[in-house]
There are 4 protein chains.
Amino acid sequence: MIVAGYEMEKDQISARLARIEGQVRGIARMVDEDRYCIEVLDQVSAVTKALQQVAIGLVHEHLAHCVTDAVAGGGPSGAEKIDEAAEAIARLVRS
Amino acid sequence: MIVAGYEMEKDQISARLARIEGQVRGIARMVDEDRYCIEVLDQVSAVTKALQQVAIGLVHEHLAHCVTDAVAGGGPSGAEKIDEAAEAIARLVRS
Amino acid sequence: MIVAGYEMEKDQISARLARIEGQVRGIARMVDEDRYCIEVLDQVSAVTKALQQVAIGLVHEHLAHCVTDAVAGGGPSGAEKIDEAAEAIARLVRS
Amino acid sequence: MIVAGYEMEKDQISARLARIEGQVRGIARMVDEDRYCIEVLDQVSAVTKALQQVAIGLVHEHLAHCVTDAVAGGGPSGAEKIDEAAEAIARLVRS
């Protein structure tokens, strides 16, 4: 069921963001403790990957709900939603 | 009109790929001529960006045609196309 | 002076990480408040970029201090530090 | 030996660029043949990754030779080479 599926996804995204927030705090602590640059850098790379996973989850949710509803409803708003999604994906890929 | 739009997009994508092919050949030549590493590296960064633009064009085309048609047609194939597109976007973001 | 320069850089990195932590918390709040997916996604893209800036700052620091010291000291440890840095940069580029 | 190592690396980089050029030509052919968007997109993602590998090879070469020589030689040019390399790595990460 779509609504339940959405809620589950939303909880997953929230859980991942809470973990990422903790990881960023952990990196700040590593810098304070003068930990070796390469270790700090690898943690930053890991958090970047975790954020991209969240982004991909958001893209999937958006396509599966907002875009699908707009396209299934017919009319011009489907094409507008597709354009808007493609532009946001472009900003993600460039980031 | 969708078909005409598609053809134009396809031509644009082909034109960009032809240009990228030439740029890659140019980078190979720079390496042969022992050009300064940083100049070569910057060209590689530029071509990577150009390829990502092509990828974003393909994502847009795909959402605007294949995915839109599947979703508008109703049935389970819309959701399948969405999943497939999200997975390909994930591979792109991770690349 | 190198030591002072390092301290300043470290403070800058810490300040950026604190800001990023707040941004991640802000994204979690946006998800809780059911804000529009595209807005949330754009914030994730922005934080990804901010993290990459931190990563680049760390790479610069590392090259300017640890790697420079090892190379200037002579011996095999310079080459080892270069290899280690290149591998960490590779993990960053792939993230 | 450094010089021999460099030559080998250079040959490897050239070989990879020749392969990438062929892959880009292959993608152009896939577009001409109206191959499925997702297949084309995955090839673009694969070539992007291959280009990043070349970029990482160039970064490694540059650090191991130009930067190492400048740093080992003493004087201000070591720090300048480090700054220049960090800026090029930043352009790569952002691409």
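E39(B) counts as partly exposed, at 35% relative accessibility (between 20% buried and 50% exposed, 1.4 Å probe, protein chains only). This is a predicted model, so local features need pLDDT of at least 70, side-chain atom pairs need 80 or more, and totals for chains, interfaces and linings use all residues. Residues count from 1 along each chain, chains are lettered from A and ligands numbered from 1 as written, and side-chain values use heavy atoms, without hydrogens or water.

Back to E39(B). What does E39(B) form with R35(B)? The answer is a salt bridge, with the closest N and O atoms 2.9 Å apart (Lys or Arg side-chain nitrogen within 4 Å of an Asp or Glu carboxyl oxygen).

Now move to chain D. R35(D) meets E33(D) in a salt bridge, side chain to side chain, at 3.8 Å from N to O. R35(D) has 37% relative accessibility and counts as partly exposed. E33(D) has 47%, and it too counts as partly exposed.

Next, a pair that crosses between chains. R91(A) forms a salt bridge with D42(C). The closest N and O atoms are 2.9 Å apart. R91(A) sits in helix α3 of chain A, while D42(C) sits in helix α2, residues 37-72, of chain C (helices are DSSP runs of H or I, at least four residues, numbered from the N terminus). R91(A) is partly exposed at 35%. D42(C) is partly exposed as well, with a relative accessible area of 24%.

There is also a network. E21(A), R25(A), E21(C) and R25(C) are linked by salt bridges. How many salt bridges are there over all chains? The count comes to 28.

On to the symmetry. Two copies of a chain are related by a rotation about an axis and a shift along it. Take chain A and chain C. A rotation of 180°, with 0.0 Å of shift along the axis, superposes chain A on chain C, at an RMSD of 0.0 Å (least squares on C-alpha atoms with pLDDT of at least 70 in both). The two copies are therefore related as by a two-fold rotation axis. Chain A and chain C meet through the same surface, because 100% of the interface residues of chain A are also interface residues in chain C.

Now look inside, at I89(C). Its place is in helix α3 of chain C. Is I89(C) buried or exposed? I89(C) counts as buried, at 2% relative accessibility. Leave out residues up to four places away in sequence, and I89(C) touches V59(C), V59(D), L63(D) and I89(D) (contact is heavy atoms within 4.5 Å). I89(C) and A55(C) are 34 residues apart in sequence. In space, their C-alpha atoms are 9.1 Å apart.

S95(B) is another one to look at. It lies in the segment after α3 of chain B. S95(B) is buried, with a relative accessible area of 6%. Setting aside neighbours within four places in sequence, S95(B) is in contact with S45(D), T48(D), K49(D) and Q52(D).

The structure holds six of 30 Å³ or more (a 1.4 Å probe fits but cannot get out, 1 Å grid; lining atoms within 4 Å; volume from probe spheres on joined points). The largest cavity has about 140 Å³ of space. Its lining has 16 residues. Which of them lie nearest its centre? They are S95(A), V93(B), S95(B), S95(C) and S95(D). Helix α3, residues 77-94, supplies at least two lining residues from each of chains A, B, C and D. The lining divides into eight nonpolar residues, eight polar and no charged.

Last stop, the loops. D34(A) is not a glycine, yet it has a positive phi of about 55°. D34(A) lies in the loop between α1 (2-32) and α2 (37-72) of chain A. At 46% relative accessibility, D34(A) is partly exposed. In chain B, D34(B) has a positive phi of about 55° and is not a glycine either. D34(B) lies in the loop between α1 (2-32) and α2 (37-72) of chain B. D34(B) counts as partly exposed, at 45%.

Technical notes: 1 Å grid on protein atoms, 1.4 Å probe; cavity = no way out; pocket = protein on both sides within 12 Å on 5 of 7 lines; lining within 4 Å. Nonpolar A, V, L, I, M, F, W, Y, C, P; charged D, E, K, R; others polar.
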